[in-house]
Amino acid sequence: MHKSQLVDEIRKVIPGLCLYTDEPMKNHTSFRVGGPADLMLLPKSVEELRQTLQLLGNHNLPVYIMGNGSNLLVRDGGLRGAVIKLGDNFSDVSVKGTELWAQAGISLAKLAHVAWQAGLAGLEFASGIPGTLGGAVAMNAGAYGREMAGVIQQVTCCDPDGNLHIFSLQELELGYRTSRVRRDGYLVLEVVLQLESEDPQVIKRKMDELNHLRREKQPLNFASAGSTFKRPPGYYAGKLIDEAGLRGFTVGQAQVAEKHCGFIINRGAATASEILELINVVQQRVWEKFQVRLELEVQVIGEN
């Protein structure tokens, strides 16, 4: 089916669904790189999302689910098929006692702010992580010795066919930057977080302290996808990269950050190809010097 025919069908079956064609992915990723997606759809309810998945499934279209693109590197050729984005369009949150009930598209920064205002502690570590709740659950995001596994109570997901599943913390099988959600292709819809009552001033001081540390140590004034590599067992990726002599090393406009070698940054006009070439150089040099394999924490998708 021609793209325009598919768009017409989507608009007929799901009136009101926000969608774009040939949408540049560089506008939707924190790396600020990436070619166009054939289709981008932004559902704002669970029902719209399920209808979207079912309709795209009927056409056997490749589907990629994303949050705000903070852990994503899209190749320069872009994406064939459809991107479903769950961001501000899918970000409702409510407070129920010491629980937060939130849709997957809410940013962790906004969620931590809601928790602070409600006098609920436990999410301070997440206030500086530049991602959405859904992505944070899928990869069990963490910082400063804490991770999402410490606050999750229950997660509602759907499978690629649009069927709903409710998982307890144990059923999510959370590990270091992994989960059943990520491994088996589920999509996070809603999360229930169990937090603890605390004086909002105490919570705010902790958040300010952690965010100050982050500003001091991370190259936040450049586009990046956060930590580029997973932490190798027994090592720190940034330290290995530094000791391999790669601090500040560049390929085109892609650079190993001078402030923190665990970050690869876009100095302004980098291409995805330059970033990927630099990643390859870093992995090779670290292997040659230390015989340690650096695995990507960033997800790479799309075509060259």
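This is a predicted model: local features need pLDDT of at least 70, side-chain atom pairs count only at pLDDT 80 or more; totals for chains, interfaces and linings use all residues.
Helices here are DSSP runs of H or I with at least four residues, strands are DSSP runs of E with at least two, and both are numbered from the N terminus. Good morning, everyone, and thanks for coming. Residues are numbered from 1 along each chain as its sequence is written, and side-chain values use heavy atoms, with hydrogens and water left out.

Let me begin with strand S2, residues 36-42. By buried I mean under 20% relative accessible area; exposed is over 50%, and partly exposed is in between, with a 1.4 Å probe and protein chains only. Now its partners, where two strands pair if DSSP finds at least two bridges between them. Strand S1, residues 18-24, runs antiparallel to S2 and is joined to it by six bridges. If you want to find that pairing on screen, look for cysteine 18, which stands opposite leucine 42. Strand S5, residues 79-85, runs parallel to S2, with four bridges between them. There, leucine 39 has alanine 82 as its bridge partner. As a reminder, side chains in a regular strand alternate between the two faces of the sheet.

Next comes helix H2. Its 13 residues reach 18 Å from first C-alpha to last, close to the 18 Å expected at 1.5 Å a residue. That expected span is 1.5 Å times one less than the number of residues. Which residues of H2 are buried? They are Glu48, Leu49, Thr52, Leu53, Leu55 and Leu56. They pack against helix H1 (3-13), S2, S3, S5, strand S11 (152-158) and strand S13 (187-194). Take threonine 52 as an example: its relative accessibility is 2%, so it counts as buried. Beyond its neighbours within four places in sequence, threonine 52 is in contact with Ile14, Leu17, Leu41 and Ile84, contact meaning heavy atoms within 4.5 Å. Just after the helix, asparagine 60 has a positive phi of about 55°.

Over to a loop. Serine 70 sits between strand S3 (63-66) and strand S4 (72-74), and at 15% relative accessible area it is buried. Its side chain makes a polar contact with the side chain of asparagine 68, at 3.2 Å. Such a contact is a pair of N or O atoms within 3.5 Å; within protein, one must be able to donate a hydrogen and the other to accept it, and residues adjacent in sequence count only if both atoms are side-chain atoms. Leaving out residues up to four places away in sequence, serine 70 also touches Ser30, Pro130, Gly131, Ala225 and Gly226.

Now the nonpolar cores. Each is a set of buried Ala, Val, Leu, Ile, Met, Phe, Trp, Tyr and Cys residues joined through side-chain atoms within 4.5 Å. The largest has 38 residues, and Leu123, Leu133, Met148 and Leu193 have the most contacts inside it. Helix H3 gives the largest share of this core, five residues. Apart from it lies another core of 26 residues, including Cys261, Ile275, Ile279 and Val286. In soluble globular proteins, nonpolar side chains tend to be buried together.

After H8 comes glutamine 291, with a positive phi near 55°.

One last stop: is glycine 234 buried or exposed? Glycine 234, in the loop between strand S15 (223-224) and H7, is exposed, at 83% relative accessible area.
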